[in-house]
Amino acid sequence: MTKHPSMPAVSFDNLAIEYGADDIINALVGFVAQITNPQSSRQQIAIAGMQIHLPMTSVPVFHRIRISNPTHHEYSDTPNLLDAVHIRPARVDSRGRTTAGRFDTVLVDIGDGLSSDVSNLRVAQVRVVFSLKDHHRERLFGELHTEVATHLAYVQWFSKFTVMPSLQHRLYKLKRCYIRDADTNYRVAEVIPVNKIRCSIQLFPQFGSGTAPRQWTPDNVLEECETFYVNPFTSDYTYGLL
């Protein structure tokens, strides 16, 4: 992570509008409740979250994560693989041209960090990377504030990996995860420590048997498509994991 944020303060309202972090307040409250009530059930954590009031209305935001991962080669002098995750909203340049936003997908460690089995990994799309100021961390987490990761990410989850990839092409198939109600669908989202992110990961959209929808573009296909295949060939590291 860079020493200084890309944006020193972005309001929660703008994170929802510009970054697509629609549920960041509830997700952050849930993260705080989980950290401060580690032995509680999911229902107890939800009840505890109702008593938490965030002491800020904005957070510092970072637009890039740098990751260094080992290769799977047997030679000890092989340099680490450098990876980057980009998270930035759409912007307008000095000539009035709009550049589309970019919110990369990543592999997240959902296990204990000791196993690389796919059951301990999950794909997510990163919408925001942010930090909490020291006095806010102390107020929210109390004595535990020194144990909480400095940098946090608001991510939207894809479905978990199946036990085995497809027999036809050996690729894992994923879908967006939603909470559905009578009026609308909400993407399942969560706040996680940035150090849980293992690497960036590329997804192929599922085109189906017909032609691709005409509205799909390189800039919006992650938002428009619902079903994807995971590309394990982007690096030696991802190939070794998947």
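How many aromatic pairs does the structure hold? There are 6 aromatic pairs, counting Phe, Tyr and Trp rings (six-membered ring for Trp) with centres within 6.5 Å. This is a predicted model, where local features need pLDDT of at least 70 and side-chain atom pairs count only at pLDDT 80 or more, while totals for chains, interfaces and linings use all residues. Residues are numbered from 1 along each chain as its sequence is written, and side-chain values use heavy atoms, with hydrogens and water left out.

One of the pairs joins Phe 161 and Tyr 172, edge-to-face at 5.0 Å centre to centre and 75 degrees between the planes (edge-to-face is over 60 degrees, stacked under 30, tilted the rest). Both residues sit in the loop between β10 (151-157) and β11 (173-175), so the pair ties together parts 11 residues apart in sequence. Phe 161 counts as buried at 12% relative accessibility, and Tyr 172 does too at 8% (buried means under 20% relative accessible area, 1.4 Å probe, protein chains only).

Now for the pockets (open sets on a 1 Å grid where a 1.4 Å probe fits, with protein on both sides within 12 Å along at least five of seven lines; lining residues have an atom within 4 Å of a point).

| Largest | about 1,100 Å³ | 38 residues |

For the largest pocket, α2 (24-36) gives the most to the lining, with 7 residues. Gln 34 and Trp 157 are among the residues closest to its centre. In the second largest pocket, β16 (202-205) supplies the largest share, 4 residues.

Technical notes. Helices (H or I, at least four residues) and strands (E, at least two) are DSSP runs, numbered from the N terminus. Buried means under 20% relative accessible area, exposed over 50%, partly exposed in between (1.4 Å probe, protein chains only). Grid points are joined across faces, edges and corners, and a volume is the space filled by probe spheres set on the points.
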